[in-house]
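Trainee: I would like to learn how to read a few features of a protein model. Can we go through them one at a time?

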Amino acid sequence: MQDKRKSQRRASLTRCTVEKCFSRNGQIPSRAVNFSATGFMLEMDYPLSPGETIKIQFAPDSDETRLYGKSVCLGMVRWCAAQDGSCGGFYGVGVELANQAPRRYNY
């Protein structure tokens with residue numbers, strides 16, 4: 001199976017919060033499982049729908065904040081799938097960033 005990723009992933013277990021744009025549901029605790037210059041995978045206890053726009057907030061000293069140049073990112077949910085036997089969240093969520101980091105970033 002060919003990997004269709006646009007950029008290399010880096011492992012992470014960084015805690016973050018997710019907030020659906022245009023919603024009043026508040027922040028949802030989550031964590032990033034891996035990240036890259038173009039997006040990341042989240043683990044969370046609630047499903048999100050593909051196409052939803054979300055706001056993700058990382059700690060100011062996280063690796064993700066250093067890569068993206070800010071602690072708050074906007075992205076679009078590309079996929080969401082239930083995870084059997086996961087250690088953390090019940091759902092894996094793939095997010096593509098609205099504003100992507102420079103591709104010359106070296107891990």
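**Aromatic pairs, strands and cysteines**

Mentor: The structure holds two aromatic pairs. Note that this is a predicted model: local features need pLDDT of at least 70, side-chain atom pairs count only at pLDDT 80 or more, and totals for chains, interfaces and linings use all residues. Residues are numbered from 1 along each chain as its sequence is written, and side-chain values use heavy atoms, with hydrogens and water left out.

Trainee: How is a pair of aromatic rings described?

Mentor: By the distance of the centres and the angle of the planes. Rings of Phe, Tyr and Trp (its six-membered ring) pair if their centres lie within 6.5 Å; planes under 30 degrees apart are stacked, over 60 edge-to-face, and the rest tilted. Take F40 and F58: their ring centres are 5.7 Å apart and their planes at 80°, so this pair is edge-to-face. The two are 18 residues apart in the chain, with F40 in strand β4 and F58 in strand β5 (residues 53-58). Strands (E, at least two residues) and helices (H or I, at least four) are DSSP runs, numbered from the N terminus.

Trainee: At what angle are the planes of F40 and Y68?

Mentor: At 45°, with the centres 6.2 Å apart, so the pair is tilted. Y68 sits in helix α1 (residues 63-68), 28 residues from F40. F40, F58 and Y68 form one aromatic cluster.

Trainee: Is F40 buried or exposed?

Mentor: Buried means under 20% relative accessible area, exposed over 50%, and partly exposed in between (1.4 Å probe, protein chains only). F40 has 2% relative accessibility, so F40 is buried. F58 is buried too, at 2%, and Y68 is buried at 10%.

Trainee: Which strands pair with β7?

Mentor: Two strands pair if DSSP finds at least two bridges between them. Strand β4 (residues 39-44) pairs with β7 in the antiparallel sense over six bridges. There, G39 stands opposite E96. Strand β6 (residues 72-82) also runs antiparallel to β7, joined by seven bridges. In that pairing, W79 faces G94. Strand β7 itself (residues 91-97) is mostly covered, with five of its seven residues buried.

Trainee: How many disulfides does a search of the whole structure find?

Mentor: A disulfide is a covalent bond between the sulfur atoms of two cysteines. The test is a pair of cysteine sulfur atoms within 2.5 Å. The search finds zero.
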